[in-house]
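Let's walk through this structure together, starting inside one chain and ending where two chains meet.

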Amino acid sequence: MTDRPRLLPCGDAALSVDFGNVISIAVNRRVHALAAALGAADLAGVIETVPTYRALTVHFDPLVLPPDLLERTVQGLLDHGDATVQPARRWHVPAVFGGAFGVDLDACANAAGLDPADYIATFVAPVYRVMMIGFMPGFSYLANLPEGFARPRLATPRAAVPKGSISIGGAQAAIGSVEGPSGWHLLGRTPAVPFLPGREPLFLFEPGDEIVFDPVSASDWGALAAAAERGDPLVRLVETEPRP
Amino acid sequence: MTGLLVTEIGPGASIQDHGRAGWRRFGISTAGAMDRLSLAIANVLVGNAPDAAAIETVLASGKFQVADHPVLLATSGPGVTLAIDGRAIPAGQSAEAMPGQTATISAVREGVYGYLAVAGGVDFSAEMGSRASHRRSGLGPPPIRVGMTVPVEAGGVSQPSPLRLATVPHHDSGPIRFIWGPQEDWFGAEAHDGLMAKGWTIGQRSDRMGVFLDGPSVAPVAGSLVTDGVVPGSIQVPPAGTPVILMRDCQTTGGYPKIATVISADLDRLAQVRPGTPLNFTAVSREEAIEALRIARVMIDGLRPEPAIRQPDTSRLMQTNLIDGVWGGSAQA
């Protein structure tokens, strides 16, 4: 990935640093590395940055920060290797799969040619990566779905799926946050609450984090969900080494 | 409690300020007033900061009964007027309303969004740095409905003194200006020409999330765009070729190619164009867009209201006991 990213104006108050039209963890790492470097540069006039799969959108005030100065700064960070890859935070996230918690599990297992128990074991094996958060508050798009697990989205989206739904849409997995519409296949739910107003932190996951699912029994749901509502994050942070 | 009891309101009315910055990386939309200039006008007329939270109405009129304490009120928006107990307040002027009186914000006769500001501001607690309501995520104050009381901060004002603007700024007319990109290379020459052509109208489905455009198809070339960031003003085009201009309530990311982006300075007046109205576009440079934004900011910073000459208010005269000792107290019984 030696391609130079393109700097694309999004109107007068945002700039997209575009690393290419691909879904790739390597590309996504470069996006997050630039986000971190730009954050550290603490440039007056930068309002916020939004990392997505393959681009970093920089929102800025053009009356404080002239766009050519922003572009030169970004180019400098890219050229001088300041945008180095940071170690990711890795979270262990409890999840209940199947039954009422994941109404599409059996159909997904069937499509993958596995029985549901093997399907869950295969699904929870990878370390997932939060490529971006978008669509709804705290909705985390995850990459690293096992081969053969991709599923076309539902022809008719459901009007509302529960908060914390763990689902598959295309080649992506996701942890939902708030209740909302979805055309993705529901495998399970986490009792953890990724976005809880009034709690510190407001959001459990950030773009660039890593996720490991820990299956728990449906009989544990009540106690875990109650603890989460009291503000217990339920998720467990595991230190990881920096990776190239 | 000082506040405004909602006795009549149209659908879509909400509390708005400048919006919720800093949380877009977590999927939090900024929301905020659809017309920041109008929000600023109403606010400065009651002595508030230009970006304080106020009531935003959509097309329809609204009525509010004043609770325990007098309040100072002002309205703004294209063709929007204020009346207190039926008494029309001159345009560009705030007015005091007494407990029990009814303040009416008229329908938005020449636009879409109207604003009612109250001195001290509305007393909803800020959530993630803003009092803006975002319908889709449920963040911010609840939607404004009949029967609810909109609380007023700091107990309103003890000595309301109406203000006026000698001239009330209004939005420019002329084409809506955009900057090409970020994905103009996903569109052929026909689509580029189509966007610049005459014959667009604002679609009926338009709302705080997006302005739908009816007109020629400007479909992108075939292909699958990997989701990236969007901004208010992004002109995104789904495969069917009907563009949608994202507005203040828009999501933070999107997967449709964006042929162009409406400049920041023109978002206010775009929001005020009524469905069914013809609309033209013109491409400008980034430098022109920034100069337009500078002018828009100067206009808001330059809003300097002056004390208004009080209009005779017969309703107040009626409430004030001017005749005791002449005719005795029986007239007040």
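Two residues count as in contact here if their C-beta atoms, placed from the backbone, lie within 7 Å. Keep in mind as well that this is a predicted model.

With that in hand, pick out L73(B). Setting aside neighbours within four places in sequence, L73(B) is in contact with V46(B), L82(B), S94(B), A95(B), A97(B), A103(B), L116(B) and V118(B). L73(B) also belongs to the largest nonpolar core, which has 103 residues. Among the residues with the most contacts inside that core are L73(B) itself, A42(B), L45(B), A54(B) and I245(B). As a general background, nonpolar side chains in soluble globular proteins tend to be buried together.

Now step back to chain B as a whole. Chain B is divided into domain 1, covering 3–169 + 303–319, and domain 2, covering 176–286. Taken over C-alpha atoms, the centres of these two domains of chain B are separated by 30 Å. Where they meet, 18 residues of domain 1 of chain B are in contact with eleven residues of domain 2 of chain B. The domain 1 side of that meeting has six nonpolar, seven polar and five charged residues.

Finally, turn to the contact between the chains, which takes 37 residues from chain A and 33 residues from chain B. On the chain B side, the elements that give two or more residues are β16 (228–229), β20 (258–262) and α4 (286–301). The largest share, six residues, comes from α4(B). By class, this side of chain B has 13 nonpolar, 13 polar and seven charged residues.

Note on methods:
Residues numbered from 1 in each chain as written. Chains lettered and ligands numbered in written order. Predicted model: local features only at pLDDT ≥ 70, side-chain atom pairs only at ≥ 80, totals over all residues. Core = buried A, V, L, I, M, F, W, Y, C linked by C-beta atoms within 7 Å. Buried ≥ 20, exposed ≤ 12 C-beta atoms within 10 Å, placed from the backbone. Domains from an automatic or database assignment. Nonpolar A, V, L, I, M, F, W, Y, C, P; charged D, E, K, R; others polar. Helix = DSSP H or I, 4+ residues; strand = E, 2+ residues; numbered from the N terminus.
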